[in-house]
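Please read this briefing alongside the sequence and the three-dimensional structure. It takes the ligand shell, the sheet and the helices in turn.

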Amino acid sequence: MYNMGDAIFHRPESMPDRSTHFCPGCGHGITQRLVGEVLDELELRERAICIGSIGCTVTSYIYYDVDGMEAPHGRAPAVATAIKRCHPDLVPFTIQGDGDLASIGMAEIIHAATRGENITIIFANNANFGMTGGQLAPTTLMGMYTSSTIKGRKAEQNGFPIRVSELLATLDGPAYIARVSLHNPANVRKARRAIEIAFKAPMAGMGLGFVEVLSMCPINWKVEPVDAPQWIVDNMVPQFPLGEYKCKPEVMGLKTVVKE
Ligand code: SF4
């Protein structure tokens, strides 16, 4: 535990003392921590199961003191569905990147969402396939340079970015869908609150909890880590507006007990 003046900062109890494999300035470490805080808050260490999916978050489960399982590429929502249906008392969750969820896993997320599965999905959107070298993803921004769009994303060649939160919000199954960002402390706090609701809603049997997190990937954006948060503001937020895209009326009651 570290004392910083009046503030007390400590690692969530549900996270072991382990260094992460993420690049300097990556947003994944922040997202992992926020999930860890929620696991502590909701006392889920004995009930949560972290489903690893392919991408930079492939081994998410090693950063939590909870049970874990590995899913094939894009299939984490299907694996989480199976766990939840076989063991309704458990709390399966996954942290999926955009290459994983919005490309090869698009079928799984859409069908899990429309079935209203009582699972939690945290969707890290950094606009590229991070782990494999920064190729075009379904979420790559218009005009964005990647290792497979060296002249920038062009609509006539690559189509347009998929706005996953808006897409899923057209379905009846999800209980809660929000897009948040990690570009400054105020937005990190909003992300923390959204993630908490995304756990509580499926735990209450209301349907899928889904949070899209705009997350820094400085190494593939070719920017300095310190500049990556502003890159989100300048480039990602205009194409991926922040906000809640779905909140069933019964979920509103959960919000009143969300801690700041
Ligand atoms: S490649 Fe990007 S998303 Fe993956 S760990 Fe590095 S900075 Fe993070």
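**Ligand shell, sheet and helices**

By class, the shell around the ligand comprises eight nonpolar and four polar residues, with no charged residues at all. This is a predicted model, and the points below should be read with that in mind.

**Around the ligand**
- The residues that surround the ligand are F22, C23, C26, H28, C56, N126, G130, M131, C217, P218, I219 and N220.
- Helix 8, which spans residues 218-221, gives the most to this shell, contributing three residues.

- Seven strands, arranged in the order 4-3-5-6-8-7-9, form an open sheet in which the pairing is mixed.
- Strand 4 (67-70) and strand 9 (243-247) stand at the edges and have a single partner strand each, so one side of each is left without a neighbour in the sheet.
- On average, and with direction ignored, neighbouring strands of this sheet are turned by 20 degrees against each other.
- Strand 7 (residues 176-181) pairs with strand 9 in the antiparallel sense over four bridges, and A178 stands opposite E244 in strand 9.

**Helices against the sheet**
- Helix 7 (residues 185-203) lies across strand 5 (91-97), strand 6 (120-125), strand 7 and strand 8 (209-214), and runs at about 160 degrees to strand 8.
- Within helix 2 (residues 76-86), the buried residues are A76, P77, A78, V79, A80, T81 and K84.
- These buried residues of helix 2 pack against strand 3 (48-52), strand 4, strand 5 and strand 6, and also against helix 4 (106-115).

Notes:
Residues numbered from 1 in each chain as written. Predicted model: local features only at pLDDT ≥ 70, side-chain atom pairs only at ≥ 80, totals over all residues. Near = placed C-beta within 6 Å. Helix = DSSP H or I, 4+ residues; strand = E, 2+ residues; numbered from the N terminus. Nonpolar A, V, L, I, M, F, W, Y, C, P; charged D, E, K, R; others polar. Pairing = 2+ DSSP bridges. Axes fitted to C-alpha atoms, helices over the stretch in contact; angles between N-to-C directions. Contact = placed C-beta atoms within 7 Å. Buried ≥ 20, exposed ≤ 12 C-beta atoms within 10 Å, placed from the backbone.
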